[in-house]
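Please look through the chain below before reading my comments, which are arranged as numbered points.

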Amino acid sequence: MKKLGSIMIIDDDPVFSKLLSKALSVHSNNAIITCSTSLDIFNDSTVNPSIVFIDYNMNDLNGLSTAKLVRRKWKTATIILISESPKISSIAISKYGINGKIPKKIGIEQLASIGLKMNRTVRANRIFKTFIIFTLSISFLAILMWVAWLFLR
């Protein structure tokens, strides 16, 4: 059975991962999975996270490469890049499938809180876009039926 709605932290710093995990557990009752390398994400096929925190600077792959792997595996997951590096502000994150970026310098509690808020915003936007597409599709079909009725009567 897949572990839906879990939160994944991919960071090679075990101390930071543990602190972020504890902070997230205060704000969320979802299962929290930590990976010490980006390659660990492929070890467990039962995991299906709703939100993934990825460190920008890791030993095996950087956060951008990891984000691409995560996006391929979990298409609907909210991906948040975290980093101490000032380079993070200049990265065009949408090209890597990343939904947001947060500097590590703001503190663990704030990082956890902001990350979860970003996830809710991304989810709400997806639901809104789906609703708009559904409404437009129904409207389009209604117009087609009306035009067909006009010409076929």
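Predicted model: local features only at pLDDT ≥ 70, side-chain atom pairs only at ≥ 80, totals over all residues.

1. Contact, a word used throughout this note, means that heavy atoms lie within 4.5 Å. With that in hand, consider Arg126, which, when its neighbours within four places in sequence are left aside, is in contact with Arg71, Thr76, Ala77, Thr78 and Asn99. Arg126 has its place in helix H3, where helices (H or I, at least four residues) and strands (E, at least two) are DSSP runs, numbered from the N terminus. Although Arg126 and Thr76 are 50 residues apart along the chain, their C-alpha atoms are separated by 9.2 Å. Because its relative accessibility is 25%, Arg126 counts as partly exposed, a class that falls between buried, under 20% relative accessible area, and exposed, over 50% (1.4 Å probe, protein chains only).

2. Residues are numbered from 1 along each chain as its sequence is written, and side-chain values use heavy atoms, with hydrogens and water left out.

3. Turning to the chain as a whole, there are three helices and five strands, and from the N terminus on the elements run β-α-β-β-α-β-β-α. Of the 153 residues, 39% count as buried. Among contacts with a separation of 6 or more, 65% are accounted for by residues 24 or more positions apart.

4. Which residues have the most contacts inside the largest nonpolar core? They are Met8, Ile10, Val52, Ile54, Val70 and Ile98, in a core of 19 residues; a nonpolar core is a set of buried Ala, Val, Leu, Ile, Met, Phe, Trp, Tyr and Cys residues joined through side-chain atoms within 4.5 Å. At least two residues of this core come from each of strand E1 (3–10), strand E2 (32–35), strand E3 (47–55), helix H2 (63–73) and strand E4 (78–83). Another core, of 15 residues, lies apart from it and has Ile51, Ile80, Ile102 and Leu116 among its members.

5. Val52 deserves a separate comment, since with a relative accessible area of 0% this residue is buried. Val52 is found in strand E3 and, not counting residues up to four places away in sequence, touches Met8, Ile10, Val70, Ala77, Thr78, Ile79 and Ile80. From C-alpha to C-alpha, Val52 and Thr78 are 6.1 Å apart in space, though 26 residues apart in sequence.

6. Ile9 is buried, because its relative accessible area is 0%.

7. Finally, helix H1 (residues 14–27) and helix H3 (residues 108–152) pack at an angle of about 55°, and their axes are 9 Å apart; here axes are lines fitted to C-alpha atoms, for helices over the stretch in contact, and angles run from 0 to 180 degrees between N-to-C directions. H1 and H3 are therefore oblique to each other, given that angles under 35 degrees count as roughly parallel, over 145 as roughly antiparallel, 65 to 115 as roughly perpendicular and the rest as oblique. The contact is made by Phe16, Leu19, Leu20, Ala23, Leu24 and His27 of H1, together with Ile108, Glu109, Leu111, Ala112, Ser113 and Leu116 of H3.
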